[in-house]
Amino acid sequence: MLSFLNDFYQNLLQTTLLEFVAVIFGLLSVWYVRKQNILGYPTGLVNVGCYVYICFANGLYANMFINAVYFLMSIYGWWNWTHGNTGDEQIKVTKLTTKEQLWLILLGILMLMAVRLVLYFVPEGNAPFWDSLTTAIFLIAMWLQARKKLESWIFWILGDVIAVPLFGLTGLLFTSFQYFIFLALATSGYFSWRKSYYKSQI
C-alpha cells in the first residue's frame, strides 16, 4: 500500500498540466451528465480533446482514436439532448428493447474484432487487446449516452473497471485514479438515471 502511494505521489509530480486539465474537465463532464445537465458536453469536449494527444504520446492508439470519435459524438449528443424532442424539453431517459440489446452485443463483438485487427498493424502499441476492449465498450457507452439510454452507465462502469488498471500499468496513475472516480460517478449515475426513468413512467 505504501509502495502504491509512493508511486502515485511520484507520478503525480510528473503529471503534465495537460493531463491535470483533462482530468478536471473529465470529472466535471461525468458529474454534469449524471445530473442530466447539458454542461456535460462542453466540458467533455475539452476532456477528450486533451486525451487525443495524451493517448497518442503514450502509445494507446485505440484510446486516441476513441477520444477523437468521442469529440464528434459529444457534438451529436449535445445537439440530440437539446433537439431530440419535437418540444422544447430535453429528451427523457429510456431503456433499450430486447432486440436493441442483442444488436448491441453483436455490434460490440464486431467492433472489438475490428479495432484489434487494426491495432495488430500498429507498432509499439501498449496492451492492444485491453485497449481494443475498452475502445469498443466506451464507444457503445458514448452512443447510448447521446441517446440518453439508461444502459449507457452499465457500459461506462464496465469500461472503467478495465481502464483503472490499464492506465495504471501504463504509468498514467493520475489518469487511472480519474477512472476510479469515474467508476464511482458512473455507479451513482446509473441509479440517478434509473430513478429518473421510472419516475417518467408514472
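**View 1. Six aromatic residues form one cluster.** Tyr70, Phe138, Trp156, Phe167, Tyr179 and Phe182 make up one aromatic cluster in this predicted model. Two of these residues will come back in the next view: Phe138, which belongs to α6, and Trp156, which belongs to α7, are both listed where these helices meet. Another member of the cluster, Phe167, returns in the view of Phe177, a residue ten places from Phe167 in sequence.

**View 2. Helices α6 and α7 pack against each other.** Here we look at α6, which covers residues 128–146, and α7, which covers residues 152–170. The crossing of α6 past α7 is left-handed. On the α6 side, the residues in contact include Trp130, Leu133, Ile137, Phe138, Ala141 and Leu144. They face a set in α7 that includes Phe155, Trp156, Leu158, Ile162, Ala163 and Leu166. Sorted by class, this contact has 14 nonpolar, four polar and two charged residues.

**View 3. Trp81 and Trp193 form a tilted ring pair.** How many aromatic pairs does the model contain? The count comes to eleven, and this view picks out the one made by Trp81 and Trp193. In general, a pair of aromatic rings is described by how far apart the centres are and by the angle of the planes. For Trp81 and Trp193, the ring centres are 6.0 Å apart and the planes stand at 50°, so the pair is tilted. Trp81 sits in helix α4 (residues 61–83) and Trp193 in helix α8 (residues 173–200), so the pair ties together parts that are 112 residues apart in sequence. Trp81 and Trp193 are both buried.

**View 4. Ser74 is a buried residue of helix α4.** Helix α4 also holds Ser74. Is Ser74 buried or exposed? It is buried, because its relative accessible area is 2%. Leaving aside residues up to four places away in sequence, Ser74 touches Tyr41, Leu45 and Met142.

**View 5. Phe177 is a partly exposed residue of helix α8.** Phe177 is found in α8. With a relative accessible area of 38%, Phe177 is partly exposed. From C-alpha to C-alpha, Phe177 and Phe167 are 8.8 Å apart in space, and ten residues separate them in sequence. Phe167 takes us back to the opening view, as one of the residues in the aromatic cluster.

Methods. Residues numbered from 1 in each chain as written. Predicted model: local features only at pLDDT ≥ 70, side-chain atom pairs only at ≥ 80, totals over all residues. Heavy atoms only, no water. Axes fitted to C-alpha atoms, helices over the stretch in contact; angles between N-to-C directions. Helix = DSSP H or I, 4+ residues; strand = E, 2+ residues; numbered from the N terminus. Left-handed = near helix turned anticlockwise from the far one by under 90°. Contact = heavy atoms within 4.5 Å. Nonpolar A, V, L, I, M, F, W, Y, C, P; charged D, E, K, R; others polar. Phe/Tyr/Trp six-rings, centres within 6.5 Å; stacked < 30°, edge-to-face > 60°. Buried < 20%, exposed > 50% of the residue type's maximum accessible area, 1.4 Å probe, protein only.
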